[in-house]
Amino acid sequence: HAPAFHFMTTLHIEPIGRSDRGSKMGTNDKAKRYTSNHLRSSTRRSAFDSPERRSLLEAIASRSSDDVVADAINRLEKLDPSGGKAASSTDLGGTWELIYSVNAEAFSPLLNLPQPVRPTSLQLLGKDAAKSVGEGRIAQVLNFPIFPLSLELSSGAVPVPSDPSTLEIFPPFRLEAVVATNNRFQFVESGSDAEFRGLNGRDDEAQAAGRNLYKQRYLETSGKKGDLRISEVIAGDPAIVGVIFVHRRI
């Protein structure tokens, strides 16, 4: 059986949007959009407050069309506080909550559960990830609100030497369940991209594709709660190249 959710290493989300390199959002189906239950708190004032930032948060909170959100992302990206070096910045480290995506059921069917039982989706990077999954690794975590269970999927990640805005994702990939914060059970460990994609039901083309590259298009660098981060898969599994996410530091 495929894992209960798919990490940024595979990102089983249908292509939902491209950067301003020539493509546009592919769907306006709000039923397939993921918006955090806690989004409203992300609209607090920020050291990086700007009309462009406010426009993006307002578009997400009001569930505007994906084309409107994509336009807001493209305008905010031009103000990137990291200067195009987010992947190599220590400010990338932390715990980040997913506040916007599309086709959430492809990322994980669990993200389409009713709100009382819907898990939050977090990414752990840098020191926050090291505490949980070891140095040099990053983790995607689904936390369930009613019972003390988390699903945690981790991989290796390093900045691409030729592009300080981009992370390269690499094996081993590990899927674990964490119960009551202390009890950890490992379900899957895959030693290659092809093996992990095969476990997720990917076709031969996807299994043969290169490693996923995860571009950090925008990163707020205060290191404080509420910072925003925008990222996109720009290479790798052809089914998910172009997927865009908006995260908020918590």
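**View 1. Arginine 217 counts as buried, at 3% relative accessibility (buried means under 20% relative accessible area, exposed over 50%, partly exposed in between, with a 1.4 Å probe and protein chains only).** This is a predicted model, in which local features need pLDDT of at least 70, side-chain atom pairs count only at pLDDT 80 or more, and totals for chains, interfaces and linings use all residues. Residues are numbered from 1 along each chain as its sequence is written, and side-chain values use heavy atoms, leaving out hydrogens and water. The partner here is glutamate 77, which forms a salt bridge with arginine 217, with 2.7 Å between the closest N and O atoms (a side-chain nitrogen of Lys or Arg within 4 Å of a carboxyl oxygen of Asp or Glu). Because glutamate 77 lies in helix H2 and arginine 217 in strand E8, the pair ties together parts 140 residues apart in sequence (helices, H or I, of at least four residues and strands, E, of at least two are DSSP runs, numbered from the N terminus).

**View 2. Glutamate 97 and arginine 248 form a salt bridge, their closest N and O atoms 2.3 Å apart.** Glutamate 97 sits in strand E2 and arginine 248 in strand E10, so parts 151 residues apart in sequence are tied together. Both glutamate 97 and arginine 248 are buried.

**View 3. Aspartate 163 meets lysine 215 in a salt bridge of 3.9 Å, N to O.** Aspartate 163 is partly exposed at 23% relative accessible area, whereas lysine 215 is buried at 17%.
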